[in-house]
Amino acid sequence: MTKDHTEAAFEAEIVAHLTQHGGYVEGTTALFDRQRAIIADDVLAFVEATQPKVLTRLGTLHKDPEKDLVQALCNEMDKNGSLHVLRHGFKLSGVALRFAQFAPSHGLNPDVTVAYEANVLRVVRQLKYDPSNENALDLVLFVNGVPVVTAELKNPMTGQSASYHAQKQYREARDPDAPIFRFKQRALVHFAIDPDDAWMTTRLARESTHFLPFNRGNGTGKGNPLPPDGADKNRTFYVWEHVWQRDSLLDLLGAFLHFEKPNKDDKTTGKKTVKETLIFPRFHQWDCVRKVVSTAKAKGAGSNYLIQHSAGSGKSNTIAWLAHRLAGLYDAKDEKVYHSVIVVTDRVVLDQQLQNTIFQFEHKWGVVECIDKDSAQLAHALSTGTPIIITTLHKFGFLQDKIAGLPDRRYAIIVDEAHSSQSGDMAVSMKEVLAESAVQQKLHKKLQEADEDGDDLSTPDQLALRAALYRGPQPNLSFFAFTATPKGKTLKLFGHTGPDGKPIPFHLYSMRQAIEEEFILDVLRGYTTYKRFHSLVKVIADDPEVEKKKAAKALARFVNLHPTNLAAKTEIIIEHFRGTVRHLLNGKAKAMVVTDSRLMAVRYRQAFDAYIKTRGYTDVRCLVAFSGEVEDDEVEGVTYSEVEMNGGIKEKELPEKFASDDYNLLLVANKYQTGFDQPLLVVMYVDKRLDGIQAVQTLSRLNRKAPGKKQTFVLDFVNKRDTIQAAFQDYFEGAFIGEDADPQKLHQLQGELDATGVYWQTEVDKFAGLFFKLTPDQVTLAHGGLNSALNPAVERFKSLPEDKRDEFRGKLSAFKNLYAFLAQVIEWQDAALEKLYVFGRMLLSKLPATGSGGGLDLDEEVALKSYKLRQLEPKALELNSGDGKGLDLPVETGTRKPEPDLERLSTIIEVLNKRFQTDYETQGLVEEVKAGLEADTKLQKAAAANPMDAFGLIFEPALVDALVEKHDTNGKFVETVLTPGSPIGQFFKALMLEAVYSTLKAKAGG
């Protein structure tokens, strides 16, 4: 049987499943009120089925109660939002009305179950939704007449994809001011779906609409796996078969969706919430909560669960959803599974987030209590049975004299950032307080037996016995441990037994998937040891493709610095930060220096202050972080503290101060290496031995995303690449540090890309000519001009054979990534590379994948806006002027080098004038320059040890320097020779190379 692969067939398949198996009825546009964006018949049907007495009461108060009810519902949704009304209803003329019934948590009230079954879920195909036109949505899902989900479907077999075409349709062809799309008032989430991938967003905002992936994950990476057991289904079947299924959708509306309020800025991270945000769970969050709750309901108390979710997974929301669900969880016998939920965390921000989130579900305060005073407060919360308690672990160590004994209760303990300390004495104290009486009696019996034997109860053996008895699983305690980087002990303590008998996480969202889905950055991409950095700088400094501007010269000095002394490392760090980092993220980029001791942090701070003062810098301001007081090992009686060295800034104030524009470099000693969320951190300088989980947690401080932040950089003075790679391997499948970056490879890639003919230099120049003239705010507005420069290349790309398309895309990606990395080591003074880089970035975002089109990547636009600010700086403007590109490409890249004429030195200028019809009278200049170069001992050694091609890599920068020094007396000639692409310059440099090399080689006896 031949299948229909059109989008209409895709729609039909989904609707058929929803109506036959998903608990929906099908509707048509005729039922829909476009102006008010509801299906009034379904509204009234639910109210009549569940609240007949209410309608009768309204009939005595209103002439047309049904009409007034529907209009009041629309007014209330316009004011407070559809989600609020579906959850909490409202009063009309003093009469309380409900417009949805969510699943009861137990079966003790049959009337609630009957009302739940009365919910009307409807699916409408090709809904004409806009009162001003005939545009149609592929699918819309309604709950009791209120639209809650919209979907645009695409099929790659018709040349369409969700990742581009469906999202583009929402951005460009769906008016966010249409009644059905008005944020918060009607539809709550919008899906873009094809047979392979799913995306979603909760707010349409034209070009600014941001979609998130809603995929299951393929293995440990992004995407979706094949359907199980070879089922004849699309990869995205889970969306309509599971997520949109009647019970599931109602559960999402009742216990998942919530708003993040813009009531204040996050002072720790500097994040500013400009608009209220509706949070819809990503797939792994929804999947995790549902599976954990289902298993806990079946197993009851006494089991442990390890949730290994990477940074960037949205852990705070997952914890909030899980805590709320566990607090109201009943088993099959309608008995509470847990009497209280205890969230163990050190994060103060989690308290307010949990309170605000759960209030939206429960619509009442007091469900959550944060223990922010002392252990007496914790004792009171436990004694009174507060549903959700947020506390730190150490407060349990001081409860023995504050609590007489708890009744037999079951507890769900959610551990935020679990680690091996959960198996320590503090964890034993917690279990001792919370364990049921039977376990307490067992302990006392054991201790009594020991006492009868004459043992001292305070001896280490007895303490070990107590710990051993409480360390194991307790029948009334379930632990739900969250971590991105579990140690072996954590896996053993909280993990489930895998097929091979070893412990594994109950639920996994890997670092790899988070990186591939672009929720965090891959910190390994920008990792380099100082040894490699030193080598790169040396190669770049000697590379004739690099114009020797002041910044390049200053960085090249690092070749002669030895990072064994603090002064050298101080200079390297500060100059690197100022030259290649400070301007990033619109000038807000920040750095962290990781030191190996508190005293070293003090010494670094002193060295930084002295160096900055000596240089007169005002754009680098440091803070230092370490615990307690440090004694000076050189001056007796002198001590240092963090507060003192930071000018009175209190310890708790430091994250907020560092997040401000006043500071951009943080020196740390065993602080802020875990749990510190600062998205503006772009670079880390490591001067401390790191290994295992500590290496992963420390470097991961860089992985948070921020607008314009596309890559990070790590300069490691101490560790080996293999050590760091091995550390990440356990937590990131396939984690690896890329091959050594070769600056020469950049030019080779450039030549190979040029040779494909996919783009023409005139198009690169056109794009750059427009782009570099724009202010940052104009980048988005200039779509037409930028696209017109890119479109011809896109069309040529489409005409290539598939293998050639893949090859071109791979090389262009390699060029972009290599350039981005090397640009963090030194600023390339090469206009051609800069232009190809910005052109290539945007071209990559438009190149169609198989069966899809292209489109400008909005994230790339943000990054390019930040990049534009850098270009607007005076020094950066020089990058765009074209005067940085005038040196020949190395022969190995395949670019032809002009053959030098074998003339004596005395005739060089004469030959040059004759060939190019010029009249330079600079033979004296040439003789002076040649004599100076031949006297250079570095060049002498290079000539003796290398063939001429390799010698040229060192010779040409020296020639440029020598010519620049003669600019005052021979400006016209020097400028001509150094003009990028100048035939005269290429010819002259080739002659000089031949002449100097021949002389030096002869002297060396070669």
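**Entry 1: α37 and α40.** I started with two helices, α37 and α40, which are roughly perpendicular to each other (a term for angles of 65 to 115 degrees). Their axes cross at roughly 80° and come within 9 Å, with α37 covering residues 937-945 and α40 residues 983-1003. I noted that axes are lines fitted to C-alpha atoms over the stretch in contact, with angles from 0 to 180 degrees between N-to-C directions. Helices here are DSSP runs (H or I, at least four residues), numbered from the N terminus.

This is a predicted model, where local features need pLDDT of at least 70 and side-chain atom pairs count only at pLDDT 80 or more, while totals for chains, interfaces and linings use all residues. Residues are numbered from 1 along each chain as its sequence is written, and side-chain values use heavy atoms, without hydrogens and water.

Which residues of α37 and α40 meet? I found Leu939, Gln940, Ala943 and Ala944 on α37, facing Tyr997, Leu1000 and Lys1001 on α40; contact means heavy atoms within 4.5 Å. Five of these residues are nonpolar, one is polar and one is charged. For the classes, Ala, Val, Leu, Ile, Met, Phe, Trp, Tyr, Cys and Pro are nonpolar, Asp, Glu, Lys and Arg are charged, and the others, Gly among them, are polar.

**Entry 2: α26 and α27.** Next I checked α26 (residues 692-699) and α27 (residues 721-729), whose axes come within 8 Å and cross at roughly 90°. On the α26 side I listed Gly692, Ala695, Val696 and Leu699, and on the α27 side Ile724, Ala727 and Phe728. That contact has six nonpolar residues, one polar and no charged ones.

**Entry 3: α10 and α11.** Then I turned to α10 (residues 283-299) and α11 (residues 315-327), which pack at about 30° with axes 10 Å apart. That makes the two roughly parallel, the term for angles under 35 degrees. Their contact includes Val289 and Val292 of α10 and Trp321 and Leu322 of α11.

Entry 4: Last, I looked at the second largest pocket, with a volume of about 1,400 Å³. Which of its 46 lining residues are closest to the centre? They are Phe102, Ala103, Pro104, Ser105 and Gly328. I was pleased to meet α10 and α11 again, as each supplies at least two residues of this lining. The largest share, six residues, comes from α9.

Conventions
Parallel < 35°, antiparallel > 145°, perpendicular 65-115°, else oblique. 1 Å grid on protein atoms, 1.4 Å probe; cavity = no way out; pocket = protein on both sides within 12 Å on 5 of 7 lines; lining within 4 Å. Points joined across faces, edges and corners; volume = space filled by probe spheres on them.
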